[in-house]
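Dear colleague,

Please find the structure below, followed by an account of what was found in it. I would be glad if you read the two side by side.

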2 protein chains.
Amino acid sequence: MREVAIIGIGQTTVDEHWSKSIRELAGDAVLAALKDAGRSTVDGLYVGNMMSGILSKQENLGALIADWVGLHDAEAAKVEAACGSGAAALRTGLMAVSSGLMDSVVVVGVEKMTEGLPVETTAALATAADADYEAAQGLSFVGINALVMRRYMYEYGWKHADFAPFSINAHANAVNNPYARLHESITEKDYLKARMVADPINLLDASPTGDGSAAVVLVAADTLKLNASRRITIAGSGSAIDSVAVHDRIQPTWLSAAEKSSRKAYAQAGLGPQDINLFELHDAFSIMAALSLEACGFAERGQGPRLANEGQIRLNGSIPVCTMGGLKARGHPVGATGIYQIVELVEQLRGEAGPNQVDGARIAMAQNIGGSGASIITHILKAS
Amino acid sequence: MREVAIIGIGQTTVDEHWSKSIRELAGDAVLAALKDAGRSTVDGLYVGNMMSGILSKQENLGALIADWVGLHDAEAAKVEAACGSGAAALRTGLMAVSSGLMDSVVVVGVEKMTEGLPVETTAALATAADADYEAAQGLSFVGINALVMRRYMYEYGWKHADFAPFSINAHANAVNNPYARLHESITEKDYLKARMVADPINLLDASPTGDGSAAVVLVAADTLKLNASRRITIAGSGSAIDSVAVHDRIQPTWLSAAEKSSRKAYAQAGLGPQDINLFELHDAFSIMAALSLEACGFAERGQGPRLANEGQIRLNGSIPVCTMGGLKARGHPVGATGIYQIVELVEQLRGEAGPNQVDGARIAMAQNIGGSGASIITHILKAS
């Protein structure tokens, strides 16, 4: 298989983009990424998106977006794995180039979530869960995560306040990210008094919805003649699944698909958790941040919150997470999130993360989760 | 790139499967394909599906189906390209195996279209068109195809009756296919007196909706030790796009994406139209059958209906099409159709097509179309 490099990134702000259709929003990110890559065309375009059929009455996004940006000779398709759609599309783009079938692709994640009524978005998000055995019982997506968090607190003895550092860290980092949805730093006091959404998940445990798009340009690394600072390759990629319904899992407080997918990525890269300089994890809810750290080998089982309370997840800690605000504060336009994470890794590995730069970042990991742990895709990037 | 072989096929009937959820329907096809392949597991599962989010309130189908059939160690995702989703998923599975990333995958197409009200299905189908510039104007999907057919009849001087042989041929072939939605052969008189749907498209120009699922198992050909009659490889694969809105195309009566994608597949296979023994084309509407034959090099421009009227598309003709009933009579569960086509090619290449067997079939082509010509994917299979 050929090595694959990321040579271009683009993103829109995560916001309420009521004046832009989904093709325009995605087009902005694709054109920015192509410009950054210094290219006008690619062989293929893959779209990570979850809910355009329901919320925008629009499928066939691959052809729609490729046509809109003028990539008339590219082939195109949409890839869906619920909130993990972005990384699932990236993995497809990676296969296209590493197989030799294509020399270059653009992968774009896009989601427009604020167009309809909030209740419509909530119902659309529930399609990530098991429609027959979870959603049909009236369980919302946040409700499912609340059950997991409550069980986790019971099993390991953590209090709600122990999850505060995840939210505080994400909000602090988003202040310096011009593309983030929220720019307010918060205190532990803010966290504790936030409105309850689904006990024990309050408003500062949950990531905000939003409209947004992010894109990356992938090429076969052997076609490159770049200076070293721009050579960023995908060193590892892994994908795994678990039961969609949380009650079907033997261990509801363990992300087995995160463990499996990160192990695959580590093995491919010949690396381990100790080699990772920063980790863009999927903090859709603060409980998911804790579970991800544990499943990927950064914390002992049940000890994710300890790592956060020790300050190890901050920019100067042993494993900085959510360095540009994470899902919690950059925002979580679901199908786009997996690509925002990759864009942010590239910013860090290029040394272009501004005040949020992780010193000496050379190896960085992103993990994107679809459903409450059902579809999990991990990527490790490396700067040379 | 490694050569990829198809070693297992499975399908459900196309019908109103009200007693089965979408995971059960897909699971039936996957398990049948695995059994046919003599395997209990694969490395990956790709789902071709268009409308599960809208009609079944269920996304995350990759993990859902893989978990349901017990493929707990496989990775999984859904691929969407409107009514071309099945072949788009196949192409993804092909990349996964040919890249060396995986040794085996199952690709399953599934659609459940009869659960809700017909008006809901009609609205869901319209998401294959341009939501902002076609559907928002009140154009249904059949309405768009009717405009294309009317224009084509005007440009080339064909009458409605000239399209009858497409429908007659498909219905005749479906009689012997136990999996088909419709088993009635029809006459030209039936065709001419059928109820109008969207002038000039009547009920016998249009494919029926339905619930159904079909699956294939792909493996790296170099891992095989099979007797020759079972060795069927994917010799060519091509995918291309066009504008989603038909009015955006310079030539609305020419399927440029069909031309481009078939050329790519021919080039990869080192073959041309003269080498193809049968062609499963995308006759969602009879006009699309005519346009496909022209764009893929089987008929001169504007002369698709002539080929049909000469009887060349019949089982004993120069280029048999819809040999098991096509979309018109086997039925068109949209995201599943592209895989039904592949299953039918394999039946023909194995010599297991019963009364519908095309004598001496060794090279066969399938083409799956998403939208009214926007996303088109072509595959050529070869028996050795």
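**What was found**

Asn60(A) lies in the loop between helix 2 (52-55) and helix 3 (61-68) of chain A, where helices (H or I, at least four residues) and strands (E, at least two) are DSSP runs numbered from the N terminus. Asn60(A) has a positive phi of about 60 degrees although it is not a glycine, and with a relative accessible area of 0% it is buried; here buried means under 20% relative accessible area, exposed over 50%, and partly exposed in between, with a 1.4 Å probe and protein chains only. In chain B, Asn60(B) is likewise found in the loop between helix 2 (52-55) and helix 3 (61-68), has a positive phi of about 60 degrees without being a glycine, and counts as buried at 1% relative accessibility.

Before going further, please keep in mind that this is a predicted model, in which local features need pLDDT of at least 70 and side-chain atom pairs count only at pLDDT 80 or more, while totals for chains, interfaces and linings use all residues. Residues are numbered from 1 along each chain as its sequence is written, chains are lettered from A and ligands numbered from 1 in the order in which they are written, and side-chain values use heavy atoms, with hydrogens and water left out.

On the relation between the chains: chain B can be laid on chain A with an RMSD of 0.0 Å by a turn of 180 degrees and a shift of 0.0 Å along the axis, the superposition being by least squares on the C-alpha atoms of residues with pLDDT of at least 70 in both copies. That is the relation of a two-fold axis. The same surface serves both copies, since 100% of the contact residues of chain B recur in chain A, contact meaning heavy atoms within 4.5 Å. Of the residues of chain B, Ser99(B) comes closest to the rotation axis, its C-alpha lying at 1.9 Å.

As to the overall form of chain A, its secondary structure comes to 13 helices and 11 strands, and along its principal axes the C-alpha trace spans about 55 × 45 × 40 Å. A compact globule of 384 residues would have a radius of gyration near 21 Å, and the 19 Å of chain A agrees with this; the radius is taken over C-alpha atoms, and the globule rule is 2.2 Å times the number of residues to the power 0.38. Buried residues make up 67% of the 384 residues in chain A, and among contacts between residues at least 6 apart in sequence, 78% join residues at least 24 apart.

The interior can be approached through a nonpolar core, that is, a set of buried Ala, Val, Leu, Ile, Met, Phe, Trp, Tyr and Cys residues joined through side-chain atoms within 4.5 Å. Of the 82 residues in the largest such core, Val216(A) and Val216(B) touch the most other members. Not counting residues up to four places away in sequence, Val216(A) touches a set of residues including Ile6(A), Leu90(A), Val106(A) and Ile339(A).

Leu94(A), which lies in helix 4 (residues 85-98) of chain A, counts as buried at 7% relative accessibility. Leaving aside neighbours within four places in sequence, Leu94(A) is in contact with Val4(A), Leu218(A), Ile234(A), Ser237(A) and His379(A); the C-alpha atoms of Leu94(A) and Ile234(A), 140 residues apart along the chain, are separated by 8.4 Å. By contrast, Lys35(A), found in helix 1 (residues 22-37), is exposed, with a relative accessible area of 73%.

Two further local features may interest you. The peptide bond from Asp199(A) to Pro200(A) is cis, with omega near 10 degrees, and Pro200(A) is found in the loop between strand 5 (196-198) and strand 6 (201-202) of chain A; a cis peptide bond also joins Asp199(B) and Pro200(B), with omega about 10 degrees.

A search of the whole structure finds 8 aromatic pairs over all chains, where rings of Phe, Tyr and Trp (its six-membered ring) pair if their centres lie within 6.5 Å, and planes under 30 degrees apart count as stacked, over 60 as edge-to-face and the rest as tilted. One of them is the tilted pair of Tyr152(A) and Tyr156(A), at 5.1 Å centre to centre and 55 degrees between the planes. Tyr152(A) and Tyr156(A) are separated by about one helical turn, being 4 residues apart in helix 6 (residues 141-156) of chain A.

With kind regards
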